Amino acid sequence: MMNRIILLIIVVLFLIMMFFNKKVCLARLFKKQIEVLKNDKTKKFSKWDLMCFIVFPIVISALIVFGLSYQINVSLAETLATVFSLVFTILFGFAAVIVEKSTSYDSKKGRVIGETFVSIVTSTVLSLFATVVSILLTTIKTLSIISILSFILLGLSFTIMMLLLMITKRTFVIYCEDE
């Protein structure tokens, strides 16, 4: 029981650090990422994009973990920690390339570049979180916490995958559409 209280305190403190410290506040980043999901023509949120980027990853993760009773094991968690560390590193460098490219285009292409940059930064942050959750999964032995962390990690994984696919498509548009 004491371990659960300590874990809860750690989670609460972590969330306070991430969302209430103005120097690292991620709320604006996530708000901006949600705005990327607006339809360009109607300026309204695309229900389909909201479903694919937010709802479906949560539902799929819940079905896998709680419906199929699947938990991520230590070996897979270690592999995922490595993968997400690499994704984080690669995206961090790619963000610099996009920033350099952003000054040389008209408003529409500039907007696409800006939105792509937001998605890259969001993916970078989510990859960092996924790495931390993966590392936690290698050390925690409580089954209920492993299930919750597995749910979080799978949700992050599916969301990152969708963001990476969007970044790939938009990068193609940025660099190859004019040719």
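User: Which residues have the most contacts inside the largest nonpolar core?
Analyst: Ile72, Phe129, Leu137, Leu153 and Leu156 do, in a core of 29 residues. A nonpolar core here is a set of buried Ala, Val, Leu, Ile, Met, Phe, Trp, Tyr and Cys residues joined through side-chain atoms within 4.5 Å. Buried means under 20% relative accessible area, with a 1.4 Å probe and protein chains only. Keep in mind that this is a predicted model, where local features need pLDDT of at least 70, side-chain atom pairs count only at pLDDT 80 or more, and totals for chains, interfaces and linings use all residues. Residues are numbered from 1 along each chain as its sequence is written, and side-chain values use heavy atoms, leaving out hydrogens and water.

User: OK, which helices each supply at least two residues of that core?
Analyst: Helix H2 (27-36), helix H3 (47-67), H4, H5 and H6 do. The largest share, nine residues, comes from H6. Helices are DSSP runs of H or I with at least four residues, numbered from the N terminus.

User: What is Leu137 in contact with, leaving aside neighbours within four places in sequence?
Analyst: Ile72, Val74, Ala77, Ile146, Leu149, Ser150 and Leu153. Contact means heavy atoms within 4.5 Å.

User: Ala77 is on that list. Is Ala77 buried or exposed?
Analyst: Ala77 has 0% relative accessibility, so it counts as buried. Ala77 sits in helix H4 (residues 74-101). Thr138 is 61 residues away from Ala77 in sequence, yet their C-alpha atoms are 6.2 Å apart.

User: New topic. How do the axes of H5 and H6 cross?
Analyst: The axes of helix H5 (residues 107-139) and helix H6 (residues 143-176) come within 8 Å and cross at roughly 155 degrees. Axes are lines fitted to C-alpha atoms over the stretch in contact, and angles run from 0 to 180 degrees between N-to-C directions. H5 and H6 are therefore roughly antiparallel, a label for angles over 145 degrees.

User: And what sort of residues make up the contact of H5 with H6?
Analyst: They divide into 20 nonpolar, nine polar and three charged. Asp, Glu, Lys and Arg count as charged, Ala, Val, Leu, Ile, Met, Phe, Trp, Tyr, Cys and Pro as nonpolar, and the others, Gly among them, as polar.

User: What about H2 and H5, at what angle do they pack?
Analyst: About 130 degrees, with axes 9 Å apart. That makes H2 and H5 oblique to each other. Among the residues that meet there are Phe30 in H2 and Phe129 in H5.

Definitions and conventions. Angles under 35 degrees count as roughly parallel, over 145 as roughly antiparallel, 65 to 115 as roughly perpendicular and the rest as oblique. Buried means under 20% relative accessible area, exposed over 50%, partly exposed in between (1.4 Å probe, protein chains only).
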